Amino acid sequence: MRTIAFGYSSRCNIRCSHCVAAGEPPESTKMELATAREIINQLAEAGVRGISFTAGEPFVFFDDLLELLECCSKGGIYSRVVTNSLWARDRDQAEARLARLRRAGLSQLRLSYSRWHQQQVPREQVLHAARACQGAGVDYFVSFVTDFSAEDDPYEAYLRDHDLRFFPEPLIYAGRADGLERTPLFTDYQENRCPMNPYLAPDLTMYACCDAGSHFTTTKVFRLGSLRDSTAAELFARSESSPLFHCIRNQGISTIASFAGYRAREIVTHRKCELCKKLFDDPQTLAALEAASARGTLQSWLR
Ligand code: SF4
Ligand code: SF4
């Protein structure tokens with residue numbers, strides 16, 4: 001099933017020190033509403049069945065968002081909105097917004113939550129937003145961004161104490177988070193397979209990866225092209241037909257690193273997106289891996 005992260009605008013109403021979306025040039029862009037509507041129709045025709053409206057903060061253009069959700073609903077597309085909950089100042093405000101989102105056909109709200117977000121948005125507002133979803137019968141979950149340090153324990157305890165549905169999301173060290181201090185990481189030998197959900201930026205550039213991949217500025221390996229020059233179906237096909245991306249999805253980053261000569265004890269010290277960047281934002285390594293995946297030798301490298 002095709003899905004996509006949809007960046008309608010890069011504008012946000014708070015400034016988090018861990019923001020992965022920050023630093024993507026140009027800094028503050030927005031699509032035309034009519035263009036966004038046309039693109040959603042085009043995505044529906046291309047077989048896209050899920051759209052996630054993502055960073056900047058989609059509620060900054062709330063009326064536009066409602067129209068885009070209606071387009072998704074008409075096109076049979078599951079819609080998710082990722083938000084920082086700044087709008088949920090009290091229960092009444094949260095419920096009023098949820099009623100409008102539900103009428104527009106919203107499928108799911110994803111509430112961003114972390115010790116960085118909560119420096120600017122009181123955590124009670126995330127609770128208001130979650131309770132409003134429950135009251136309106138709209139699915140939700142809390143995306144608990146964490147670096148797995150003990151500092152995050154009280155934040156996790158708050159979610160548990162209030163019986164909120166949450167999933168831990170590993171902090172991605174890209175964008176503004178690139179400068180944050182990293183604790184050493186030692187994991188089991190994980191496959192680190194990646195589904196590679198594409199991302200559409202406000203300037204209509206489409207990337208094969210919705211997280212750190214748009215920051216691979218040396219090789220631009222995940223840049224699929226622009227909707228100004230190609231159709232959505234063509235750009236999806238570009239991602240889906242790439243032998244190297246096939247390996248990322250099916251064999252995983254760890255197996256590719258092993259093929260590239262990384263020792264196992266080095267592989268287990270890297271986070272997934274960091275390892276990905278080491279492999280694919282280096283022109284020489286990328287060229288070797290692209291050639292190996294085109295020949296099929298990378299695909300036959302098994303643990
Ligand atoms: S992490 Fe989300 S809420 Fe925070 S600045 Fe970035 S887009 Fe805004
Ligand atoms: S592992 Fe690579 S492809 Fe997957 S999300 Fe991270 S940067 Fe993107």
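Trainee: Which residues surround ligand 2, and what makes a residue count as near it?

Mentor: Ligand 2 is surrounded by Cys 194, Met 196, Cys 209, Asp 211, Ala 212, Gly 213, Ile 248, Ile 253, Lys 272, Cys 273 and Cys 276. A residue is on that list because its C-beta atom, placed from the backbone, lies within 6 Å of the ligand. Keep in mind that this is a predicted model, where local features need pLDDT of at least 70 and side-chain atom pairs count only at pLDDT 80 or more, while totals for chains, interfaces and linings use all residues. Residues are numbered from 1 along each chain as its sequence is written, and chains are lettered from A and ligands numbered from 1 in the order in which they are written.

Trainee: What is the make-up of that shell by class?

Mentor: Around ligand 2 there are 8 nonpolar, 1 polar and 2 charged residues. Ala, Val, Leu, Ile, Met, Phe, Trp, Tyr, Cys and Pro count as nonpolar, Asp, Glu, Lys and Arg as charged, and the others, Gly among them, as polar. Helix 10 (residues 272-280) gives the largest share of the shell, 3 residues.

Trainee: And which residues are around ligand 1?

Mentor: Cys 12, Ile 14, Arg 15, Cys 16, Cys 19, Ala 21, Ala 55, Gly 56, Glu 57, Asn 84, Ser 112 and His 117. They divide into 6 nonpolar, 4 polar and 2 charged.

Trainee: Why is Ser 300 called exposed?

Mentor: A residue is exposed if 12 or fewer other C-beta atoms, placed from the backbone, lie within 10 Å of its own, buried if there are 20 or more, and partly exposed in between. Ser 300 has 10 C-beta neighbours inside 10 Å, so it counts as exposed. Its place is in the segment after helix 11 (283-295); helices here are DSSP runs (H or I, at least four residues) and strands likewise (E, at least two), numbered from the N terminus.

Trainee: Is Lys 220 exposed, partly exposed or buried, and what makes its phi worth a look?

Mentor: Lys 220 has 13 other C-beta atoms within 10 Å, so it is partly exposed. Its phi is near 55°, a positive value in a residue other than glycine. Most residues other than glycine have a negative phi. Lys 220 lies in the loop between strand 8 (205-207) and strand 9 (223-226).

Trainee: What makes a set of residues a nonpolar core, and which members of the largest one touch the most others?

Mentor: A core is a set of buried Ala, Val, Leu, Ile, Met, Phe, Trp, Tyr and Cys residues joined through C-beta atoms within 7 Å. The largest has 81 residues, and Ile 40, Ile 51, Leu 68, Leu 111, Ala 129, Ala 130 and Ile 256 touch the most other members. Its largest share, 6 residues, comes from helix 4 (residues 123-136). At least three residues come from each of domain 1 (2-183) and domain 2 (243-295), with bounds from an automatic or database domain assignment.
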